[in-house]
Amino acid sequence: MDLIQLTPLQTLLRSLRMVSRAAPRELLQVAFFNLIRGAGPSLSLIFSKQVIDGVVAVLNSGQPPIQNGTELIVRQPQLFWAVVALIVTNIFVESISSIDTQIFSALRDRVQGYIEGEVIAKIATFNDIALFENPELLNIVQLTEKGIQRMRRLAFIVAAFLMGIFTLVPTVILAATISWWVPLVLVGFAIPAVVIDLRYWKRSWRVEESQATLSREKGIYVKLLKEENYAKEIRLFSLQNLLLQRWRDSFERLFAQTQKVRREGAIAVMCLSLLGGIASSIPYLYVILGVLQGRFTLGDIALYTGIIAQLKRSLYMLIANLGNVYDVTLATRPVFQLLDLQPQIVDPIDFQDFPLTGNGLQLQNLSFVYPGATQPTLKGIDFQVCPGEMVVLVGENGAGKTTLGKLLARLYDPTSGEIRWNGVDTKNIALDELRSRIAVVMQDYARFPAKVRENVGWGHMPQLENDRAIHHVLQEAGINQVILNLDRGLDTQLGKQLENGVDLSGGQWQRVAIARALMRLENAELVIFDEPTAALDPKHEQEIYEIFRTIARGRMAVVISHRLSLARIADRIVVLEHGQIIEEGTHDALMQIDGRYADMFTRQASSYL
Ligand SMILES: Nc1ncnc2c1ncn2[C@@H]1O[C@H](COP(=O)(O)OP(=O)(O)OP(=O)(O)O)[C@@H](O)[C@H]1O
């Protein structure tokens with residue numbers, strides 16, 4: 001699975017398109033309000049100048065001072081209306097600002113909701129589990145979280161950018177009335193600031209990208225220290241200090257790297273302010289000299305001081321946002337890399353008919369290399385599972401048994417070779433149809449924080465509300481009585497994460513997972529059980545074997561187990577070592593050849609004596 005490479009410009013354009021798709025209405029509202037807010041300060045400056053010049057004119061006229069409002073209207077209607085206009089403009093701009101906050105929040109939430117939805121929908125509908133097992137892809141998934149945050153920020157940046165432009169344009173026009181070169185000086189001084197800012201953001205993102213692994217590592221220590229699964233062993237083995245120290249080390253390393261970039265950021269901000277200060281002081285001195293030389297009025301000082309401050313503010317608002325845009329562009333790239341990721345396990349373009357009967361499963365010269373791995377986990381696997389046959393896969397830890405189970409369930413496709421089911425290459429069968437004919441209990445089965453009904457019924461959705469069917473499979477899995485004893489029966493919430501949730505023991509959870517697989521039996525022709533009895537006490541093992549026998553009857557069953565007593569009931573045993581089949585046959589036949597299986601069986605049997 002290759003990640004696409006996007007240039008910053010491509011990412012920016014896609015980000016902007018996504019933001020506009022996410023919240024078109026809110027964006028229009030923000031643009032409208034910013035247009036009004038942007039023009040407000042310039043209007044306010046013009047009216048301030050008129051007020052000051054009006055007041056100075058009255059003071060210099062030698063007439064008696066104005067006593068009240070009526071006299072002001074009669075003697076200086078222009079000054080009166082300038083004051084009214086100034087007050088109304090200021091009140092209007094202020095009141096608009098408060099509405100703006102709400103519109104901004106709506107824009108931010110819409111953008112976040114839309115993009116988060118796209119990302120989780122992509123992850124949810126992605127058929128390959130490599131997304132959850134491959135470090136490079138895991139990094140991308142982790143970086144999308146930051147990308148979503150930054151995309152949210154992009155919505156703000158767009159809004160602030162509009163505000164900056166709408167404020168800048170009238171201010172530049174007003175600034176040019178001081179002299180044509182004033183806007184040029186301010187804009188000219190801003191260019192190096194833009195360059196500094198962009199370089200800072202680029203560096204800062206590189207560090208963040210390189211930190212993804214480190215920050216995941218830090219997250220792992222937090223998880224280990226906070227989650228119940230690890231709590232007991234961490235205490236029993238006194239691992240707290242070790243893990244705390246590791247967390248501290250990762251934190252310090254992350255902090256040191258970030259701090260270095262922050263220092264560079266602080267220097268960038270200082271340079272920006274320095275350049276801004278120099279740029280704005282030149283026209284400011286020019287205006288003061290102009291007043292002293294009689295070219296400008298006192299009102300002009302207020303107007304021009306305001307213009308310079310505002311031009312500076314809006315220019316630097318644009319510059320800072322330009323830097324932010326760059327940062328956003330770099331950070332949102334993983335979102336698009338994830339969205340563009342093409343799953344390798346896809347539905348075939350031309351479905352082949354999937355016959356209900358045939359010669360069962362055939363694995364032909366099958367090899368498999370995990371994405372990113374250099375060595376194959378499975379090599380040259382050839383074997384067959386006939387209809388109605390129960391095959392048990394045995395082998396030492398890491399031999400490749402679970403991997404073979406994943407290939408049979410088409411969670412991965414073989415790197416070479418093929419799996420044929422009733423003569424059809426499984427790659428040519430519609431995924432949903434293929435999976436509907438497989439019932440699986442995985443070694444690391446899911447403990448859904450959901451109701452008992454859902455934990456079981458999700459195995460076969462149409463039966464979710466069928467209490468009889470659910471109780472039946474719970475009975476088969478030997479856990480019905482436990483569920484009947486719960487206050488709310490099938491509607492009891494399982495898992496401590498939920499309020500009033502009930503937790504089950506490891507063996508009970510395993511039985512629930514078995515019951516879920518049993519729900520599929522109506523359609524399933526292949527059952528795959530990976531360590532189905534690992535969490536069960538030996539007293540009940542025999543009972544579970546009986547269940548297997550019932551389940552397997554008339555179906556193909558592939559069972560992965562270290563309990564070799566289970567292997568005895570199999571029609572055939574396949575022994576894996578280092579990803580290859582080294583022995584195959586019935587229990588008796590394998591005992592007779594006195595090879596690896598016989599050795600494992602004898603060792604295991606002697607440990608029970
Ligand atoms: N997602 C993965 N990416 C890379 N390598 C993997 C992955 N999952 C498993 N492996 C490697 O593949 C090999 C076989 O693993 P697998 O889980 O199939 O063994 P197993 O026979 O089921 O072992 P066990 O009896 O301990 O469950 C191991 O060396 C393991 O490190």
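Over residues 154–174 the chain is 100% helix and 0% strand, with the end C-alpha atoms 30 Å apart; helices (H or I, at least four residues) and strands (E, at least two) are DSSP runs, numbered from the N terminus. Residues 266–286 are likewise 100% helix and 0% strand, and their end C-alpha atoms lie 31 Å apart. The UniProt annotation "transmembrane region", from an unreviewed entry, covers residues 154–174, 180–201 and 266–286; UniProt positions follow the numbering used here, feature names are shortened, and annotations may be inferred rather than shown by experiment. The model is predicted: local features need pLDDT of at least 70 and side-chain atom pairs count only at pLDDT 80 or more, whereas totals for chains, interfaces and linings use all residues. Residues are numbered from 1 along each chain as its sequence is written.

An open sheet is formed by four strands in the order 2-1-4-5, with antiparallel pairing (two strands pair if DSSP finds at least two bridges between them). Strand 2 (378–385) and strand 5 (424–425) are at the edges and have a single partner strand each, so one side of each is left without a neighbour in the sheet. Five antiparallel bridges join strand 1 (residues 361–368) to strand 4 (residues 416–421). Glutamine 364 has glutamate 418, in strand 4, as its bridge partner.

The residues surrounding the ligand include Glu133, Tyr370, Asn397, Lys401 and Thr402 (C-beta atom, placed from the backbone, within 6 Å of the molecule). Helix 12 (residues 401–408) contributes three residues, the largest share of this shell.
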